[in-house]
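Please look at the sequence and the model below.

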Amino acid sequence: LPGTSPPGKPVLLGCRSPEKETFSCWWLPGSAGGLPTTHRLFYNRDRQVFPSKLTGEQECPDYESAGNNSCFFNKSHTSIWDEYSLTVVAFNALGNVTSDPLKIEVMKIVKPNPPKNVTLLVEEIDKTPNLHITWEPPFNVIVKSGWITLKYGLRVKQGNNGKWKEYLSGKQTHYSMYSISPGATYTVQVRCRLDHGSWILEKGKPFWIFVSMLFAVPFLAAMCVLAMKWN
């Protein structure tokens with residue numbers, strides 16, 4: 001048919017694991033060539049442990065859980081000991097085309113999600129206001145298993161023109177600041193990293209949970225929560 005062609009070459013964008021037990025990969029489709037086009041992801045595993053199992057080319061086990069143009073690998077298909085070689089093939093009625101291969105190791109693509117449910121509590125002790133910050137581990141990360149270790153960091157700024165001060169809380173999901181200033185605005189950001197990996201990065205910048213508290217009068221606060229990037 002006029003105006004139709006084989007599909008354009010897809011591009012594998014990368015993969016990410018939030019907790020070393022599962023991971024997802026994404027691709028950018030090429031031109032559809034004016035025809036219905038499907039994409040399928042295939043992979044091989046260079047197995048260092050139990051090399052006799054799951055040998056040969058496999059197809060993506062789940063095209064839905066990670067969103068459009070993606071493949072999700074559940075626990076049954078994830079191993080930190082293997083190297084994965086991935087390709088995406090685009091098909092339409094006039095032909096097919098294969099992406100350049102992408103090789104990954106799960107341990108090198110681990111980036112946890114941001115901490116969740118960050119909350120602030122102002123408490124008066126000896127007639128002095130103190131700020132208590134608490135949060136929960138990222139979604140889908142189970143730290144009680146001992147399989148992973150999360151470490152947390154914070155930075156705090158007083159007022160719009162104040163300088164950021166950074167703090168480390170280690171494995172603790174809480175942090176307290178004593179003798180804060182009544183009537184001031186405090187901005188608190190919390191981030192985490194997995195084991196000895198890097199802090200969470202999005203496009204080269206750490207990704208934070210943002211919580212702002214405005215003290216209209218001492219010990220009375222309005223609180224809002226949203227996500228932001230740290231420039």
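What follows takes up the disulfides, then an arginine, then the nonpolar cores, and finally a sheet.

The model is predicted, and residues are numbered from 1 along each chain as its sequence is written. Two disulfides are present in the structure. Counting the bonded cysteines along the chain, they are connected in the pattern 1-2, 3-4.

Cys15 belongs to strand E1 (residues 11–16) and Cys25 to strand E2 (residues 23–28), so the bond ties together parts that are 10 residues apart in sequence. Are these two cysteines buried or exposed? Cys15 has a relative accessibility of 14% and counts as buried, because the cut-off for buried is under 20%. Cys25 is buried too, its relative accessible area being 0%.

The other disulfide joins Cys60 to Cys71, and here the sulfur atoms are 2.2 Å apart. This link is right-handed as well, with 110 degrees about the S-S bond. Cys60 sits in the loop between strand E4 (58–59) and strand E5 (70–73), whereas Cys71 is in strand E5. The two cysteines are 11 residues apart, and the pair links distant parts of the chain. Both Cys60 and Cys71 are buried. A further cysteine, Cys192, has a relative accessibility of 0% and therefore counts as buried.

Strand E1, which holds Cys15, also contains Arg16. Which backbone oxygens does the side chain of Arg16 reach? One of them is the backbone oxygen of Lys111, at 2.9 Å. Another is the backbone oxygen of Pro112, which lies 2.9 Å from a polar atom of the Arg16 side chain.

The largest nonpolar core has 19 residues. Within this core, the residues that touch the most other members are Leu131, Ile133, Trp135, Leu154, Val188 and Val190. Which strands each supply at least two residues of this core? They are strand E9 (116–125), strand E10 (128–136), strand E11 (150–158) and strand E14 (185–194). E14 gives the largest share, with five residues. Another core, of 17 residues, lies apart from the largest one. Its members include Leu41, Leu86 and Val106. Cys60 is also among them, and this residue is the disulfide partner of Cys71.

In general, the strands of a sheet pair through backbone hydrogen bonds, in either a parallel or an antiparallel way.

How many bridges do E10 and E13 form? Their antiparallel pairing runs over four bridges. Ile133 stands opposite Tyr175, a residue of E13. Ile133 is also one of the residues that touch the most other members of the largest nonpolar core.

Terms used
This is a predicted model: local features need pLDDT of at least 70, side-chain atom pairs count only at pLDDT 80 or more; totals for chains, interfaces and linings use all residues. Side-chain values use heavy atoms; hydrogens and water are left out. A disulfide is a pair of cysteine sulfur atoms within 2.5 Å. Buried means under 20% relative accessible area, exposed over 50%, partly exposed in between (1.4 Å probe, protein chains only). A polar contact is a pair of N or O atoms within 3.5 Å; within protein, one must be able to donate a hydrogen and the other to accept it, and residues adjacent in sequence count only if both atoms are side-chain atoms. A nonpolar core is a set of buried Ala, Val, Leu, Ile, Met, Phe, Trp, Tyr and Cys residues joined through side-chain atoms within 4.5 Å. Two strands pair if DSSP finds at least two bridges between them.
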